[in-house]
There are 2 protein chains.
Amino acid sequence: MAGTDHKADDGWAGPQPVFVLVRPQMGENIGAAARGMWNFGLEHMRLVAPRDGWPNPAAVAMASGAARVLDGVQVRETTQSAVADLTHVYATTARPREMTKTVMTPEAAMADARLRVAAGERVGVLFGAERSGLENADIVLANTIITVPVNPAFASLNLGQCVLLTAYEWQRVADQTPGAELVTKARPAEREEVARLCDNLEEQLEQAGFFYPEHKRASMQTNLRNLFSRLPLTDADVRTLYGVFRRLWEKREPRD
Amino acid sequence: MAGTDHKADDGWAGPQPVFVLVRPQMGENIGAAARGMWNFGLEHMRLVAPRDGWPNPAAVAMASGAARVLDGVQVRETTQSAVADLTHVYATTARPREMTKTVMTPEAAMADARLRVAAGERVGVLFGAERSGLENADIVLANTIITVPVNPAFASLNLGQCVLLTAYEWQRVADQTPGAELVTKARPAEREEVARLCDNLEEQLEQAGFFYPEHKRASMQTNLRNLFSRLPLTDADVRTLYGVFRRLWEKREPRD
């Protein structure tokens, strides 16, 4: 519902991290994870000991549109075998209490992953099961931990949400989309166009006796010019306003 | 599964944007939106003409843990009445084709919203229905558009995902969590501690006849010191390695 299709394919392909779902339970959640990955151009998924086996029809039904992620899924018996060929592994979990690890935000971790992937490393991210999350035996296999800074009063993120936010950050940290862009067939108005619009309006208002009483004329004119000066008008907006003012003005004297 | 509870409450309370769900259909999606909002500390939700009326038991069931968001929901008949008391409104949608609007990324939009809220503005974000999204009649009520830069090959984001990413950005753009932080009861080792560990190991290896042949001694020593120098060791790691090397060394001569 809030996507864009104006971008070229640049930045969406190329080497990318593997997302490893460890002992996932519901097929629906595997499918939702696939959607979240593919939303941001990630397509390499591995499953460690999925509860309901593989393939899983519920995952396929939920993943509609992101089927290519599930088509390429690799299934492993253990987390250790799922990360065996990787060179750097992140584990998504709450902050560890007993284990010495570097904890990163999703943002910092995905920026780090981009650097590593660009340098030829093979990178993976571990995601735990729906309820229990990752076990210490999984976490100890990781180089680094990713913890999403969530509301301390409600720290529960489900599997699909965690995958979505991590995939989003993978894309966002390298995204070239302008932060803010005026989308229009028109162009921003030049200051001269705005000034002439104000001149024209002022002349009409002058004839209409708008600037009254006389000692307020200067401040009324300043206020009007300031109003239009600070609006982000396009050239088309200026033409529209010319027409609006003219019609209002002409209405004072019946048309032929 | 990947939350943190180490933060103080600072930054989680205070004035915040209203999220307006326009003509939402499934109660489950309203509940999921509530969870995504409360995950990142947002609690003001409005509903425009929810299909199944309000309250909705399916929304409550899905929102478990984020019930306070649903408890405070305000229901309106029209989008116009839902934004009537607001001063700045964002609409989440794909890039508009016919309407002149500024399009922002979620990141830029939430940074902008933070500035406005801090200046006392009342800010809202519109989210469209599951399938159809926002209509032009809704979008025209907004000052600015938010478009998530998704994979052009799979631009489908559902309601819950769109709410989650926007709420995440509201928190992230003001978040004080360090990007990377070593979480440990130990402390990073001082260089002197690493150097003494290497001295000790070198002496043991010397006696064990490790540095052979003689003409390779210098490069072997350099390689060993470099190995330990570039590892991110803590003081506890250094003590562990002392013990490991000692035990291996002592094993050469049976213990008493």
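Contact here means heavy atoms within 4.5 Å. The model is a predicted one.

**Helix α1(A)**

Helix α1(A) has 13 residues. From first C-alpha to last it reaches 18 Å, close to the 18 Å expected at 1.5 Å a residue. Since 10 of those 13 residues are buried, α1(A) is largely enclosed by the rest of the structure. The buried set includes I30(A), M37(A) and W38(A), along with R35(A) and N39(A). In chain A, the buried residues of α1(A) pack against β1 (18-22), β2 (45-48), α2 (57-62), α3 (67-71) and α7. They also pack against α7 of chain B. G41(A) follows the helix and has a positive phi, near 80 degrees.

**The largest pocket**

The largest pocket holds about 940 Å³ of space. Its lining has 27 residues, and those closest to the centre are N29(A), N158(A), G160(A), Q161(A) and M62(B). Helices α1 and α7 of chain A each give two or more residues to this lining, as do α1 (27-39) and α7 (159-172) of chain B. By class, the lining divides as follows.

| Class of lining residue | Number of residues |
|---|---|
| Nonpolar | nine residues |
| Polar | 12 residues |

**R172(A)**

R172(A) lies in helix α7 (residues 159-172) of chain A. Its relative accessible area is 13%, so R172(A) is buried, the cut-off being under 20%. A polar contact of 3.3 Å links its side chain to that of E107(A).

How values were computed
Residues are numbered from 1 along each chain as its sequence is written. Chains are lettered from A and ligands numbered from 1 in the order in which they are written. This is a predicted model: local features need pLDDT of at least 70, side-chain atom pairs count only at pLDDT 80 or more; totals for chains, interfaces and linings use all residues. Side-chain values use heavy atoms; hydrogens and water are left out. Helices (H or I, at least four residues) and strands (E, at least two) are DSSP runs, numbered from the N terminus. Buried means under 20% relative accessible area, exposed over 50%, partly exposed in between (1.4 Å probe, protein chains only). A polar contact is a pair of N or O atoms within 3.5 Å; within protein, one must be able to donate a hydrogen and the other to accept it, and residues adjacent in sequence count only if both atoms are side-chain atoms. On a 1 Å grid over the protein atoms alone, a cavity is a set of points where a 1.4 Å probe fits but cannot get out, and a pocket is an open set with protein on both sides within 12 Å along at least five of seven lines; lining residues have an atom within 4 Å of a point. Grid points are joined across faces, edges and corners, and a volume is the space filled by probe spheres set on the points. Ala, Val, Leu, Ile, Met, Phe, Trp, Tyr, Cys and Pro count as nonpolar, Asp, Glu, Lys and Arg as charged, and the others, Gly among them, as polar. The expected span of a helix is 1.5 Å times one less than its number of residues.
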